[in-house]
Amino acid sequence: MARATIKTIAQKAELSVGTVSRALKDCSSVKDKTKQRVRQIAEEIDYVRNLDGLRLRTGRTYSVAVVMTTPITGSHEWEGVEYTNILNGIMGALRGTMYRAAIYPVDDFASSFQEIRNIVEQRLADGIIISGTRPDDARISYMLEKDFPFVTYGMSEHFTPYSYVDANSQEMSQKATTRLIQLGHTNIVSINPPDELMYSKQRQRGYIRALQDAGIDVQTEFIATGPLTPEFGKATVKALYNHDKNPTAYICANEASALGVLSAFYELGIKFGKDAIVNATDDINVSAYFTPPITTYFLPIEETSKALGEFIIRRIEGEPAQDLQRMVMPQLIERQDDRLKP
């Protein structure tokens, strides 16, 4: 049987060879319906693209580098959203295109920067996706300087436009705090990721703004930053136990730290709903099974991570970075009334 070619697909689809070629490249100039039709025919006739020849002609690798920090080796603590959840969305977006994800697991910021340098200098990929952004992120500055296509999971404070996908952490934190104030809470603890991360800054800004708008003094000891594990959530409650201004509410940056808060409540005899309550953000629906279930802000990981994959392909194809920016507002899920009851 003769090897299937682009011409074979074009004849069966009754399209031009150029349109089929652009559809297989996932170009934005081709309608999604046409792309789907072309891919279906390609699959039916077992079309296999000769990427080696294509790489030689275009100078592309057809690889997307995903540089992400993985859990620390030897750590048995759950940290909420796993990097694999994010990878699933990215790879789902790349499915059906010529691009494949190359995973670069790293331990910390320094090693992620080194990997990015290697990828750019050796042209190991056509674009890069990174996470764990910082306010003044040297990795972003470097890729902007090198004019290398990239998308970040999280914002920074760079003025030069760049492509990103992010949850609106500041507005979410402000709304979460304001809601609890309206329910009668004044001593509210905010549990956040490490201070150097951009979304930690955003969460703290939202929290402080809500307190100031309500005329409530900010207690700096009520702003906790650290690894978002159950251990850290538990330690935060214990550190503030018997504080002069006893906390009655905790807003955790993820469900993992919220689980630790509930564990501390149990150990210390703090009664949920009577003495204190806990809310969480970055919800992946695990907290629906906590005892008791807690109020959360649901973050659609599939939507945000899929956008990362879609944006990096469009960025590689030359779309302006300022047109590839998405801010997602998590949805409030009220599983408890969260007023303290006698």
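This is a predicted model: local features need pLDDT of at least 70, side-chain atom pairs count only at pLDDT 80 or more; totals for chains, interfaces and linings use all residues.
**Entry 1: a strand pair.** I began with strand S1 (residues 63–69) and strand S3 (residues 127–131), which run parallel and are joined by 4 bridges.

**Entry 2: the whole sheet.** Next I wanted to know in which order the strands of the open sheet lie. I read S2-S1-S3-S4-S5-S11, 6 strands with parallel pairing. Strand S2 (100–106) and strand S11 (325–328) are at the edges; each has a single partner strand, so one side of each lacks a neighbour in the sheet.

Entry 3: Which strands does helix H5 touch? I found S1, S2, S3 and strand S4 (150–153) in contact with H5 (residues 83–94), and the direction of this helix makes about 170° with that of S1. Then I turned to helix H12 (residues 301–316), which lies across S1, S3, S4, strand S5 (163–167) and S11. H12 runs at about 165° to S4.

**Entry 4: salt bridges.** I noted 14 salt bridges in the structure and went through a few of them. Arg60 pairs with Glu317, with 3.0 Å between the closest N and O atoms. This pair connects distant parts of the chain, 257 residues apart: Arg60 sits in the loop between helix H4 (51–58) and S1, and Glu317 in the loop between H12 and S11.

**Entry 5: buried pairs.** I then checked Arg139 and Asp137, whose closest N and O atoms are 2.9 Å apart in a salt bridge. Both Arg139 and Asp137 are buried.

My last stop was the salt bridge between the side chains of Arg179 and Asp338, at 3.0 Å from N to O. Here too, distant parts of the chain are linked: Arg179 belongs to helix H8 (residues 169–182), while Asp338 lies in the segment after strand S12 (331–333), 159 residues apart. Which residues make up the salt-bridge network here? I listed Arg179, Glu334 and Asp338.

Technical notes
Residues are numbered from 1 along each chain as its sequence is written. Side-chain values use heavy atoms; hydrogens and water are left out. Two strands pair if DSSP finds at least two bridges between them. Helices (H or I, at least four residues) and strands (E, at least two) are DSSP runs, numbered from the N terminus. Contact means heavy atoms within 4.5 Å. Axes are lines fitted to C-alpha atoms, for helices over the stretch in contact, and angles run from 0 to 180 degrees between N-to-C directions. A salt bridge is a side-chain nitrogen of Lys or Arg within 4 Å of a carboxyl oxygen of Asp or Glu. Buried means under 20% relative accessible area, exposed over 50%, partly exposed in between (1.4 Å probe, protein chains only).
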